[in-house]
Amino acid sequence: MASDRGLDVTLDSAGTGSWHAGEPPYGPMQEAAARRGYDLSDLRARQVTKGDFGAYDLIIAMDADNLANLTRMAQKGGQGARLALFTDYAPQTGADHVPDPYYTRDFDGTLDLVEICAAGLLDQLA
């Protein structure tokens with residue numbers, strides 16, 4: 001979406017916990033993403049590090065719990081990156097978090113929301 005708009009951005013994905021570090025995305029999520037043309041097969045889970053706060057301008061959380069965890073990390077020496085909640089880029093949805101499709105089983109609904117939030121973020125970056 002960013003390249004379609006002529007934006008040059010660097011993206012990464014990380015969690016605030018280490019539960020699945022080194023593992024690929026959940027199979028059914030990979031399948032749902034592939035149906036939309038997103039190849040997640042090379043991704044591996046990793047945990048956010050203090051270095052991420054200096055390496056990135058913006059770190060986006062999918063829910064309030066993760067935003068609180070990121071805020072605590074930033075206060076303990078993570079410097080630089082601005083923090084935001086992803087759904088803040090799509091207030092029209094009324095969503096206050098991106099649900100984890102592992103629990104909801106709504107992989108397409110999660111992708112719909114992520115695409116809407118991403119479009120809103122890119123609108124602001126442009």
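**A look at the core**

Modeller: Happy to! Buried residues make up 28% of the 126 residues in the protein, where buried means under 20% relative accessible area, with a 1.4 Å probe and protein chains only. Please keep in mind that this is a predicted model, in which local features need pLDDT of at least 70, side-chain atom pairs count only at pLDDT 80 or more, and totals for chains, interfaces and linings use all residues. Residues are numbered from 1 along each chain as its sequence is written, and side-chain values use heavy atoms, leaving out hydrogens and water.

Now to your core. A nonpolar core is a set of buried Ala, Val, Leu, Ile, Met, Phe, Trp, Tyr and Cys residues joined through side-chain atoms within 4.5 Å. The largest one has ten residues: Leu58, Ala84, Phe86, Tyr89, Ala90, Val98, Leu113, Cys117, Ala118 and Leu121. Helix H5, residues 107-125, gives the most to this core, with four residues.

Stepping back, the protein has five helices and two strands, in the order α-α-β-α-β-α-α along the sequence. Helices (H or I, at least four residues) and strands (E, at least two) are DSSP runs, numbered from the N terminus. Along its principal axes, the C-alpha trace spans about 40 × 35 × 30 Å.

Notes:
Buried means under 20% relative accessible area, exposed over 50%, partly exposed in between (1.4 Å probe, protein chains only).
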